[in-house]
Structures are given as structure tokens and as C-alpha cells.
Amino acid sequence: MAARNGAEEAVETATALGYEQARDELIEVVRRLEAGGTTLEESLALWERGEELAKVCRHWLEGARARLDASLAAERAEEQGEAAGGAGPDEG
């Protein structure tokens with residue numbers, strides 16, 4: 001079986017977790033780490049989970065940014081087309 005990289009695992013996890021769910025779990029992980037009182041092994045496991053959750057959040061945010069950018073670009077192209085073309089199909 002081929003090894004997967006962190007980005008592939010984050011994408012797979014992102015499909016299972018929504019942004020808000022991952023963010024809330026990440027907040028809880030950070031809270032537990034900051035509170036202390038865990039063993040080294042538990043702290044390392046929490047840290048690793050936090051890194052995974054951060055990647056999931058980043059994946060969702062990058063996807064949202066790409067969708068916004070695409071929408072804004074389409075809107076700009078439409079505005080430029082209207083300005084350059086003059087009359088639309090209903091005018092003329």
C-alpha cells in the first residue's frame with residue numbers, strides 16, 4: 001500500500017469534517033494542551049491531532065477563497081463585457 005502525504009490525509013479528513021467541526025475540535029485540543037496535566041505521550045497525540053485539524057481548516061479556507069476569487073473574477077469579466085459590448089441581447 002502506498003504511503004499518503006499529509007495533504008492527502010487532510011483532504012480526506014476534510015470530507016469527513018466540516019470547517020466548524022474541525023475548528024471547534026482544534027479549539028478544544030489547544031485548550032487541553034494549554035491546561036497541561038497530560039503525559040508527554042498524550043500531549044504529543046494532542047499536538048498531532050491539532051496539526052491535522054489545522055490542515056483541515058486551512059483546506060476549507062483555501063477552498064472558500066478560491067470560490068470567492070472565481071466568483072469575483074466572473075463578476076468582473078461580466079462587467080467588462082457589458083462595458084465593452086454596449087447593448088445586450090435584450091437591447092437593440
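**Notes on the predicted model**

1. Arg 31 and Glu 28 both belong to helix α2, where they stand 3 residues apart, about one turn of the helix. These two residues form a salt bridge, and their closest N and O atoms are 2.5 Å apart. Arg 31 is partly exposed, with a relative accessible area of 44%. Glu 28 also counts as partly exposed, at 35% relative accessibility.

2. The overall architecture may be stated briefly. The protein has 3 helices and 0 strands, and along the sequence the pattern reads α-α-α. Of the 92 residues in the protein, 12% are buried.

3. The side chains of Glu 52 and Arg 49 meet at 3.0 Å, N to O. The two residues are 3 residues apart in helix α3, so about one helical turn separates them. Through salt bridges that share partners, Glu 25, Arg 49 and Glu 52 are joined into one network.

4. A further pair is Asp 24 and Arg 23, which form a salt bridge with their closest N and O atoms 3.1 Å apart. Asp 24 is partly exposed, its relative accessible area being 42%, and Arg 23 is partly exposed at 32%. In the whole structure, a search finds 5 salt bridges.

5. Which residues make up the largest nonpolar core? The core consists of 7 residues in all: Leu 17, Ala 22, Val 29, Leu 46, Leu 53, Val 56 and Cys 57. The elements giving two or more residues to this core are α2 (19-35) and α3. Helix α3 supplies the largest share, 4 residues.

6. The surface carries a patch of negative charge, in which Glu 75, Glu 78, Glu 79 and Glu 82 gather. One of these residues, Glu 79, lies in helix α3, which spans residues 40-85. Why does Glu 79 count as partly exposed? Its relative accessible area is 45%, and the partly exposed class covers values between the buried limit of 20% and the exposed limit of 50%.

Key:
Residues numbered from 1 in each chain as written. Predicted model: local features only at pLDDT ≥ 70, side-chain atom pairs only at ≥ 80, totals over all residues. Heavy atoms only, no water. Patch = residues over 30% accessible without salt bridge, like charges linked within 9 Å, V, L, I, M, F, W, Y side chains within 5 Å. Areas by Shrake-Rupley, 256 points an atom, 1.4 Å probe, with all protein chains shown as cover. Salt bridge = Lys/Arg side-chain N within 4 Å of Asp/Glu carboxyl O. Lys, Arg positive; Asp, Glu negative; His and termini not counted. Charge placed at Lys NZ, Arg CZ, Asp CG, Glu CD. Buried < 20%, exposed > 50% of the residue type's maximum accessible area, 1.4 Å probe, protein only. Core = buried A, V, L, I, M, F, W, Y, C linked by side-chain atoms within 4.5 Å.
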